[in-house]
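Please look over the model below before reading these comments.

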Number of protein chains: 2
Amino acid sequence: MMQIDEARALDRDDPFADTARLFDLPQGVIYLDGNSLGPPPRPALDALARAAQMEWGHDLIASWNTADWMGLPLRTGARIARLIGVDAASVIAGDSVSVNLFKLAAGLVMGGAKGVAVERGDFPTDGYVMEGLARLSGTPFALIEPGTGVAGLPDHVDVLVRSAVHYKTAAKVDIAAEEREAARLGKTIIWDLSHGAGLVDLKLERDGAKYAVGCGYKYLNGGPGAPAFIYCHRDVVEHFAQPLSGWMGHASPFSFKDGYAPAKGVTRFGAGTPAILSMSTLHGALAVFDGVDMAGVEAKARALGDTFLAAIEPLGLACVSPPSAQRAGHVSLVHEHGYAIVQALIAQGVIGDFREPDIMRFGFAPLYLTHEAVFEAGTRLVDIVRSSAYRDARFAKRNAVT
Amino acid sequence: MMQIDEARALDRDDPFADTARLFDLPQGVIYLDGNSLGPPPRPALDALARAAQMEWGHDLIASWNTADWMGLPLRTGARIARLIGVDAASVIAGDSVSVNLFKLAAGLVMGGAKGVAVERGDFPTDGYVMEGLARLSGTPFALIEPGTGVAGLPDHVDVLVRSAVHYKTAAKVDIAAEEREAARLGKTIIWDLSHGAGLVDLKLERDGAKYAVGCGYKYLNGGPGAPAFIYCHRDVVEHFAQPLSGWMGHASPFSFKDGYAPAKGVTRFGAGTPAILSMSTLHGALAVFDGVDMAGVEAKARALGDTFLAAIEPLGLACVSPPSAQRAGHVSLVHEHGYAIVQALIAQGVIGDFREPDIMRFGFAPLYLTHEAVFEAGTRLVDIVRSSAYRDARFAKRNAVT
């Protein structure tokens with residue numbers, strides 16, 4: 001069985017010890033919920049303060065030009081692009097994952113797609129939004145069996161929205177293999193990178209992916225409800241039309257002309273005026289990734305997960321996450337009293353989360369966590385389960401957020 | 001001709017002298033662009049700092065419950081509801097005006113509407129988004145002649161998106177009269193309140209309006225790209241379906257079930273996770289309106305506009321805004337060198353904006369402006385035009401934002 005000394009030894013060669021200093025986590029907290037809401041890196045709070053006080057408060061309307069608020073969605077997108085392995089000009093930040101999925105899928109429908117699908121048990125909002133699109137456009141919508149991928153699409157459905165990393169299990173999809181299969185079958189995939197971006201060493205362009213969305217507030221640490229992003233490959237973007245065609249996606253937003261004409265490139269995915277304070281925060285947060293090797297990030301995440309699993313091994317809990325080679329940034333364990341156990345851990349400063357009906361989720365963001373802290377968290381989980389400390393009325397049920 | 005003493009006399013009975021103290025405008029600036037981007041009220045910056053440092057930085061994921069981030073869209077909506085004269089539970093904040101217009105119009109199309117229209121020359125994004133909706137859904141889209149309102153709709157078109165206050169001229173529409181005409185003709189109006197909310201004494205419910213959207217960053221002072229809002233009357237909301245049906249509009253977002261079921265009331269207009277930092281700022285900004293009489297706000301805006309027009313009367317400029325009884329918060333003047341003149345004014349600290357091709361726009365937000373400052377701004381405009389000081393290479397053309 002693993003001992004704390006072994007965990008400490010793993011920390012000795014931590015390539016991210018410097019980035020950890022950019023995070024000010026509260027004293028006594030071991031934060032294992034960065035897969036749900038990343039904590040604030042200092043550059044994010046600095047960028048927010050500058051945007052609020054100097055740019056908004058002092059320079060006022062002029063900041064659209066002087067602080068380049070106009071260019072902020074593309075500048076933020078460029079920082080994300082490197083993390084997911086695509087051309088810097090092919091990503092734009094803005095809106096939410098739900099709204100961005102709608103833009104991409106609706107655009108494919110406008111371009112002739114015959115039907116849209118989502119895997120059963122994938123993150124629910126993806127399916128909800130495709131249902132809405134189907135109802136509005138008359139395009140068929142299908143829920144297909146989990147894990148079947150494009151091979152599981154009915155003949156009449158040619159678009160699949162799929163998470164690259166599953167929100168519950170953290171299982172990674174082999175994007176390159178799925179894209180090869182999609183090409184063979186004449187299908188199109190829109191990837192939801194929410195639980196992968198900023199953690200998995202994604203290489204979307206190399207792997208043949210053309211469309212993706214992702215979340216700014218998990219491993220990208222952009223703040224609660226941070227703007228999301230859209231990736232659209234340069235080979236397809238100039239012919240891509242999307243229906244949320246607001247003025248910020250117009251070729252010439254300040255000519256104030258009737259009649260929509262899309263801007264070049266991914267700027268056409270702009271809709272209304274972006275939430276500048278939230279987006280400045282995300283842009284600042286992304287500075288933490290400057291010079292960071294994503295393969296190293298992904299490897300450390302898996303190693304942290306393994307340290308946690310080693311620490312809790314005596315409990316013999318069922319784990320719904322795959323072994324580390326197929327796993328991204330979190331592990332999900334099953335316990336009938338999972339909710340209460342997570343609450344008991346939170347009361348001790350170990351923050352994970354719970355997902356219905358019986359899943360305890362613990363995330364291992366490599367930029368601010370040590371093996372020692374993760375081992376300590378595992379040890380406390382063992383103590384809480386063994387001592388039945390979770391059987392306390394304080395730990396009764398409430399809601400939580402991905 | 002008006003003299004500065006008369007302007008000062010008007011300030012003596014200013015009912016909003018106290019609210020002006022809540023704004024920290026930069027020294028030497030006379031800000032006449034609150035119709036485009038309101039300046040930060042102190043409670044907005046305080047709310048933002050609390051949300052970023054305490055809620056996000058310290059309480060982390062728990063803030064979804066402990067800081068009631070979950071309830072923030074409705075709490076923000078309730079503050080807006082009073083300003084537009086509707087039931088507190090019938091407004092939700094979130095997304096952008098463009099996206100929210102899409103939700104309402106697409107929902108009407110899903111409910112059987114036969115066509116959507118916008119007046120030519122209305123704020124362009126409204127038309128752009130309706131074009132997108134038409135293309136996706138196959139519903140006809142029409143551009144109708146300016147000022148014709150629902151009476152100008154072709155027979156086959158039954159939904160009109162219309163600004164309650166025109167972005168260029170500040171002309172107010174008689175909402176009650178338009179709604180009576182709509183009822184007579186069997187048409188539906190979606191009001192865009194962007195240039196009215198927080199300035200005009202709107203009484204949407206009394207006037208029979210059932211659907212509206214509006215902007216958070218103009219007279220509501222919610223910060224650049226602040227979340228927008230949707231109003232939907234309680235008599236129609238429970239049967240209203242909208243296609244951007246993300247998890248935050250679901251009846252039970254945390255059950256993580258496949259299959260969409262809308263939440264009760266306007267919560268169903270929620271889509272993705274809201275931008276909490278931007279929305280906290282807007283929520284804080286709205287505290288400035290606590291106890292403020294909107295009839296008094298509107299009256300002061302008109303009076304400030306009249307003071308400005310009196311100050312610049314010697315120039316004899318054409319004014320495209322209507323007389324004060326039909327005018328909201330800004331005046332728009334025509335000058336072939338309008339762009340350069342606005343730049344020359346900005347160089348002197350008087351901030352207005354320019355709209356193609358030749359419109360100078362000056363906004364009169366009553367919560368922080370005095371008649372004396374507005375008169376002074378007018379005097380400087382007179383000096384710049386008379387002295388031709390605007391004919392300087394520094395004042396060459398760039399873009400600006402509404």
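The numbered points below describe the model.

1. Basis. This is a predicted model, in which local features need pLDDT of at least 70 and side-chain atom pairs count only at pLDDT 80 or more, while totals for chains, interfaces and linings use all residues. Residues are numbered from 1 along each chain as its sequence is written, and chains are lettered from A and ligands numbered from 1 in the order in which they are written.

2. Overall form of chain A. The C-alpha trace spans about 70 × 55 × 40 Å along its principal axes.

3. Contacts and secondary structure. Among contacts in chain A with a separation of 6 or more, 73% join residues 24 or more positions apart; a contact requires C-beta atoms, placed from the backbone, within 7 Å. Chain A has 13 helices and 13 strands, which are DSSP runs (H or I, at least four residues, for helices; E, at least two, for strands) numbered from the N terminus.

4. The sheet of 7 strands. In chain A, an open sheet with mixed pairing has the order S2-S8-S7-S6-S5-S3-S4. Strands S2 (91-93) and S4 (141-144) of chain A are at the edges with a single partner strand each, so one side of each has no neighbour in the sheet. Pairing here requires at least two DSSP bridges between two strands. Strands S6 (188-192) and S7 (211-214) of chain A are parallel, with 3 bridges. Helix H7 (124-137) of chain A lies across S3, S4, S5 and S6 of chain A, at about 160° to S3(A); axes are lines fitted to C-alpha atoms, for helices over the stretch in contact, and angles run from 0 to 180 degrees between N-to-C directions.

5. The sheet of 4 strands. Its order is S9-S10-S13-S12 in chain A, it is open, and the pairing is antiparallel. The edge strands are S9 (318-319) and S12 (353-355) of chain A. S12(A) is joined to S13(A) by 3 bridges, and A:Asp353 has A:Arg361 as its bridge partner in S13(A).

6. Core. The largest nonpolar core has 268 residues, and those touching the most other members are A:Ile84, A:Ala105, A:Ile190, B:Ile84, B:Ala105 and B:Ile190. Such a core is a set of buried Ala, Val, Leu, Ile, Met, Phe, Trp, Tyr and Cys residues joined through C-beta atoms within 7 Å. A:Ile190 stands opposite A:Tyr211 in S7(A), and the residues that A:Ile190 touches include A:Leu101, A:Ala105 and A:Val161.

7. Interface. In all, 77 residues of chain B are in contact with 77 residues of chain A. H7(B) gives the largest share of the chain B side, 11 residues.

8. One exposed residue. B:Ser388 is in the segment after helix H13 (371-387) of chain B. B:Ser388 counts as exposed because there are 12 C-beta neighbours inside 10 Å. The C-alpha atoms of B:Ser388 and B:Val116 are separated by 46 Å.

Terms used:
Buried ≥ 20, exposed ≤ 12 C-beta atoms within 10 Å, placed from the backbone. Contact = placed C-beta atoms within 7 Å. Lists of a residue's contacts leave out its neighbours within four places in sequence.
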